[in-house]
Amino acid sequence: MQFHHHGYVSTDPRVQPAAGIGLDRPEELPDEMDVLIVGSGPAGMITAAQLAQYPDVHTRIIEKRPERLAVGQADGIQARSVETFQAFGFATSISDEAYHITEMAFWKPDTENPDHIVRTGQPADDPGGVSEFPHLIVNQARILDQFAEFMANSPSRMRPDYGVEFLSLQVTADTEYPVEVRVRHTTGPREGEERTVRAKYVLGADGARSGVRRDIGRVPHGDRADHAWGVMDVLARTDFPDIRLKCAIQSRSGGSILLIPREGGHLFRMYVDLGVVTQEQSKEIRATTVEQLEKRANEILTPYTLEVQHVAWNSVYEVGHRVTDHFDDVDDVDREVKDPHVFIAGDACHTHSAKAGQGMNVSMQDGFNLGWKLGSVLTGRAPASLLHTYSGERQEIAQNLIDFDREWSTMMAKKPEDFENPKELEDFYNKTFEFPAGFMTHYRPSMITGDDAHQGLAEGWTVGKRFKSAPVVRVGDTNPLQLGHQATADGRWRIYAFACAANPGAPAEETSALRRWAQWLDESPESPVNRYTRSDEDRDAVFDVKVIYQQKHTEFEVTDAPAIFRPEVGPFKLFNYEKVFAVKAGEDIFDERGVSRDGAVVVVRPDQYVAHVLPLGDTQGLADFFAANMLEQS
């Protein structure tokens, strides 16, 4: 991380200097604000954390609970989410305390003694190396704590407003603060007081029974719950050998268990199959006790035994799959003439079973998708039409999740004898591992995602999919590192210039495709850097432009790179020497990601998705792309 460029820093460098609203942030929830987020779950907190990096945007997040969440229901953290955490600065710390899933065991009835279960398979969790980050298990509350810390350390000094309950909202004709929200204080000296606040935009991240969703007229569609599962986080004495492995367990009785070890070395979660339930049985099944769950688990685990010593949390739920048709307040007939002001995210717009481990993960990607868009619009960087892309992108992803989870949860509930192939469950897990890992998201072409006409120039970075990191060497300090890990959740676009084969140390008069491109980006009035960066800002305030050369770092100097890759930053106009990279011996990024030796430009959105791939010579294509999604700065 970089600091000192504004002067010597001897305190925690993760605490950014206060700015904007952070200089005099109102203690109490004010009457007016730019963004109001309802709900401090994963979707709400990541959105708030991203917006906290925009000190000129006044964002508040309200939560009816009087304090932080103590025990979370979600615990599965997919590798794609850990990639996201890297951008917020806590991938390493959360990985250190989490349980790491490296393999998954499958148990089925013993063919020689069907009343007993035996292990039938133990595949790797990520056999294809889809990410350098692990699949984690950790309490949801700890994830929320990390986002809260990031918010508190941000320039805007944001923190949740606990003890404030959402009641209702309406969108008015007001041109500045069009959303009126009725709230009630649930704690403190104002307990019981109801009041109306106004916002430019509202996000409803308020769960499956969302009041925000209700008030904008969105209705979840899908099938009703018909299969019940009991879930419990427990400490127990057991002789089951895979108690510290993720397991899918199926017994002869037809009962099944999804076993998830938890962080800390002793705690584990069990999803225990309670069978098909009718609407009439629903109330009865929800009254299932821990003792009944323990008895059922022992029946399934035979010949092994389980003796529960302590219950941290338990619940009973019924699997249902629902998704709303839009994630904002604009109907299809109005999309050409009306921009959205109210959004929903997470369980407020998609619900499904917990067994695919997707709820928290997909919800956080909802918030990451929306946060930078709201920040860009509210700071005058982008047109309000950008906000339409949120519902357009995330609703399709949610539907894909519902379809996947319906198939996975159905297979988990099947009896062993109902499978045509005994290894069908394992085969499905291996075949689809990229989806639950979070890497099948693929955004369609739009104002922020280009077409794939030049995809062949960088085959390893599919336009519309997440930017997969790769090893490089930073030339200035010779440090080997991951290229993608240098992108933080600061709302900036990334432009990666992959150089042609020309020697970067050649005389300046020997122009190359890379030098011509860099000169255009630095000097042309059509350059996105010049059109969309204000004169009082650092050159890299909006676009983080990096170059990756084909040579080794010992074959040229960092000062051989054109000026656009060594921008002046801060009040002292210091050169930033951390944007010039070389290939790493034995792990050439050009080979690893299929980048053309003629060079290429890879544009990456603030939420880590590849927006475009272009030739170095297509400067007009780069100019046209950003002209469609950004506003010129005077």
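Two strands count as paired if DSSP finds at least two bridges between them. The model discussed here is predicted.

Q: What makes β5 and β6 a pair, and is the sense parallel or antiparallel?
A: Strand β6 (residues 117-121) has 4 bridges to β5, in the antiparallel sense. The cut-off is at least two, so these strands pair as well. Lys 108 has Val 118 of β6 as its bridge partner.

Q: Why is strand β5 described as largely enclosed by the rest of the structure?
A: Buried means under 20% relative accessible area. In β5 (residues 104-109), 6 of the 6 residues are buried, so the strand is largely enclosed.

Q: How do you know that the side chain of Gln 482 makes a polar contact with Ala 470?
A: The side chain of Gln 482 comes to 3.2 Å from the backbone nitrogen of Ala 470. The limit for a polar contact is 3.5 Å, so this pair is within it. Gln 482 lies in strand β20 (residues 479-482) and also touches Glu 132, Ser 469 and Pro 471.

Q: Which residues of helix α14 are buried, and what covers them?
A: In α14 (residues 619-627), the buried residues are Thr 619, Gly 621, Leu 622, Ala 623, Phe 625 and Phe 626. Their cover includes α11 (513-523), α12 (528-532) and β22 (543-548).

How values were computed
Residues numbered from 1 in each chain as written. Predicted model: local features only at pLDDT ≥ 70, side-chain atom pairs only at ≥ 80, totals over all residues. Heavy atoms only, no water. Helix = DSSP H or I, 4+ residues; strand = E, 2+ residues; numbered from the N terminus. Polar contact = N/O pair within 3.5 Å; in protein donor to acceptor, adjacent residues only side chain to side chain. Contact = heavy atoms within 4.5 Å. Buried < 20%, exposed > 50% of the residue type's maximum accessible area, 1.4 Å probe, protein only. Lists of a residue's contacts leave out its neighbours within four places in sequence.
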